[in-house]
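Let's take a walk through this fold, a piece at a time.

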Amino acid sequence: MAAPIWLWAFSVALTLVPSVFGNSEGDALYTLRKSLTDPDNILQSWDPNLVNPCTWFHITCNQNNRVTRVDLGNSNLSGHLVPELGKLEHLQYLELYKNDIQGTIPTELGNLKSLISLDLYNNNISGTIPPSLGKLKSLVFLQLNDNKLTGPIPRELVGISSLKVVDVSNNDLCGTIPTSGPFEHIPLNNFEKNPRLEGPELLGLASYDTNCS
């Protein structure tokens, strides 16, 4: 006896679910690829015609074909980050350190609720640290040192209880250094070489955005 048509349709839908997710994540990553200059062809395997990006080099997925890692540190890449990265909702590690990434940190990275590590150090990233990063409640490592970042350290970061490592040294940040929450245990040398940054913050005695005007 043939299976009911609804059962067949349901089984087809189930088999399509991972590839639908995979395609949206692949589209986001391919948008990143298009924004980057890649003289060493590190991203050559990033083929948008594949069902999902899980077979691409430097990409790790979980058992449900959702992207969990992007490992592109020290890859001689230049260009800029793209807002579409915020669509990788299962991403845990975004490793883009030691490249020549320019432009700003997209506000949309605050949508990466599973993110554990954001490593963008040793690039040429400018603009401010987005307050939206305060929504990353799983974040443990935030390494933004050796860039060209400006503005204050967002106080939204104080609410990330999981945060263990913060390094924003060698930028052009201003204001004061937070001292509450996870910042209570961050060594002061992780804030050095920011000529306009004062601190540690003396609560109630100085505005956190001192020297930022």
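S8 and strand S10 (residues 148-151) run parallel to each other, paired over three bridges. Strands here are DSSP runs of E of at least two residues, helices are runs of H or I of at least four residues, and both are numbered from the N terminus. Two strands count as paired if DSSP finds at least two bridges between them. To see one of the contacts, pick Thr128, whose bridge partner in S10 is Thr150.

Before going on, a word on what you are looking at: this is a predicted model, in which local features need pLDDT of at least 70 and side-chain atom pairs count only at pLDDT 80 or more, while totals for chains, interfaces and linings use all residues. Residues are numbered from 1 along each chain as its sequence is written, and side-chain values use heavy atoms, with hydrogens and water left out.

Back to that pair of strands, which belongs to an open sheet of four, in the order S8-S10-S12-S13, with parallel pairing. Strand S8 (126-128) and S13 stand at the edges with a single partner strand each, so one side of each has no neighbour in the sheet. From one strand to the next, the twist averages 30°; the axes behind that are lines fitted to C-alpha atoms (for helices, over the stretch in contact), and angles run from 0 to 180 degrees between N-to-C directions.

Strand S4 (residues 78-80) and S6 pair in the parallel sense, over three bridges. Within that pairing, Ser78 has Asp100 as its bridge partner in S6.

Zooming out, the chain's secondary structure comes to one helix and 13 strands. Reading from the N terminus, the elements go α-β-β-β-β-β-β-β-β-β-β-β-β-β. Of the 213 residues in the chain, 42% are buried; buried means under 20% relative accessible area, exposed means over 50%, and partly exposed is in between (1.4 Å probe, protein chains only).

The structure holds two disulfides, a disulfide being a pair of cysteine sulfur atoms within 2.5 Å. Counting bonded cysteines along the chain, the pattern is 1-2, 3-4.

The link of Cys174 and Cys212 is right-handed, with 105° about the S-S bond. Cys174 sits in strand S12 (residues 172-176) and Cys212 in the segment after strand S13 (196-198), so the pair ties together parts that are 38 residues apart in sequence. Cys174 is buried at 1% relative accessibility, whereas Cys212 is partly exposed at 25%.

What does the structure hold in the way of cavities of 30 Å³ or more? There is one. A cavity is a set of points, on a 1 Å grid over the protein atoms alone, where a 1.4 Å probe fits but cannot get out; lining residues have an atom within 4 Å of a point. About 50 Å³ of space lies in the largest cavity, where the volume is the space filled by probe spheres set on the points, and grid points are joined across faces, edges and corners. Of the 11 residues lining the largest cavity, Asn23, Gly26, Pro48, Leu50 and Trp56 are the closest to its centre.

Asn41, in the loop between S1 and strand S2 (59-61), has a positive phi of about 55° although it is not a glycine. Asn41 is partly exposed, at 48% relative accessibility. Asp146, in the loop between S9 and S10, is not a glycine but has a positive phi of about 60°. Asp146 is partly exposed, with a relative accessible area of 24%. Ser132 is in the loop between S8 and strand S9 (141-143) and counts as buried at 12% relative accessibility. From C-alpha to C-alpha, Ser132 and Pro106 are 9.3 Å apart in space, and they are 26 residues apart in sequence.

Conventions
1 Å grid on protein atoms, 1.4 Å probe; cavity = no way out; pocket = protein on both sides within 12 Å on 5 of 7 lines; lining within 4 Å.
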